[in-house]
Amino acid sequence: LYPALKELELAGDIAVKQQTTKGRPKTLYAITAQGRKRLRAWLALPVEVGRPRDELILKLFFGSEAELPDLLRHVEAHRRRAEAGLAQCRHFLKEGAKDPSRYRPYVQLTIQAGLRLSEANLRWAEETLQALHAMKPASPQP
């Protein structure tokens, strides 16, 4: 994040100001007129959809060559991340309800996307863990 902020500052897209609050230094970032113009130009461009690469899915695809405890560990970690993401989105929804700014409806839409993705990831992880637990451990074939 900080290297990107430095690039934006060097390009003149943001202004950086140092402030001391309660004895603690704080860095404030503000978009410039040039930065707003470039942001609006970028927002108007068609969305570039990349090809997702999910290492967990790839490891499951080759699961017959893996040890079952390793796969279970990977999916359990994915479940924990999904639970954390879900909790974070719920927190953002709760806190965001207090924000009357013009940005609120757009932020709400993105939080809803995060909420739905986290819910889907959690559901998938739970179903996958059930399926993996039902499998008999098998040794990979030579």
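Predicted model: local features only at pLDDT ≥ 70, side-chain atom pairs only at ≥ 80, totals over all residues.
Hi everyone. Let me begin with a cut-off: I call a residue buried under 20% relative accessible area, exposed over 50%, and partly exposed in between. At 30% relative accessibility, glutamate 9 therefore counts as partly exposed.

Which residue does glutamate 9 form a salt bridge with? The partner is lysine 6, and the closest N and O atoms of the two are 3.4 Å apart. Both residues belong to helix α1, residues 2-11, where they are 3 residues apart, or about one turn of the helix. Lysine 6 is partly exposed too, because its relative accessibility is 45%.

That pair is one of several. How many salt bridges does a search of the whole structure find? The search gives 7. In general, side chains of opposite charge can pair when their charged atoms come close.

Next, please look at helix α3, residues 55-61, which holds both lysine 59 and glutamate 55. They sit 4 residues apart, about one turn of that helix. Their side chains meet in a salt bridge, at 3.4 Å from N to O. As for accessibility, lysine 59 has 37%, so we count it as partly exposed. Glutamate 55 has a relative accessible area of 41%, so the label is again partly exposed.

On to helix α4, residues 68-96. Aspartate 70 and arginine 73 both lie in this helix, 3 residues apart, about one turn. A salt bridge joins their side chains, with 2.8 Å from N to O. Aspartate 70 is partly exposed at a relative accessible area of 30%, and arginine 73 is partly exposed at 45%.

While we are on α4, let's see how it meets helix α5, residues 104-134. Two packed helices are described by the angle between their axes and the distance between the axes. Here the axes of α4 and α5 come within 8 Å and cross at roughly 155°. Angles over 145 degrees count as roughly antiparallel, so that is how α4 and α5 run relative to each other. What is the composition of the contact of α4 with α5? Its residues divide into 16 nonpolar, 10 polar and 7 charged. The crossing in which α4 passes α5 is left-handed.

Now a backbone detail for those of you who like loops. Lysine 22 has a positive phi of about 55°, although it is not a glycine. You will find lysine 22 in the loop between β1 (14-21) and β2 (24-31). Is lysine 22 buried or exposed? With 82% relative accessibility, lysine 22 counts as exposed.

Last stop: the aromatic rings. The count comes to 1 aromatic pair. That pair is phenylalanine 61 with phenylalanine 62, and the arrangement is edge-to-face, with 5.1 Å centre to centre and 85° between the planes. Phenylalanine 61 is exposed, having a relative accessible area of 65%, whereas phenylalanine 62, at 47%, is partly exposed.

How values were computed. Residues numbered from 1 in each chain as written. Heavy atoms only, no water. Salt bridge = Lys/Arg side-chain N within 4 Å of Asp/Glu carboxyl O. Helix = DSSP H or I, 4+ residues; strand = E, 2+ residues; numbered from the N terminus. Buried < 20%, exposed > 50% of the residue type's maximum accessible area, 1.4 Å probe, protein only. Axes fitted to C-alpha atoms, helices over the stretch in contact; angles between N-to-C directions. Parallel < 35°, antiparallel > 145°, perpendicular 65-115°, else oblique. Left-handed = near helix turned anticlockwise from the far one by under 90°. Nonpolar A, V, L, I, M, F, W, Y, C, P; charged D, E, K, R; others polar. Phe/Tyr/Trp six-rings, centres within 6.5 Å; stacked < 30°, edge-to-face > 60°.
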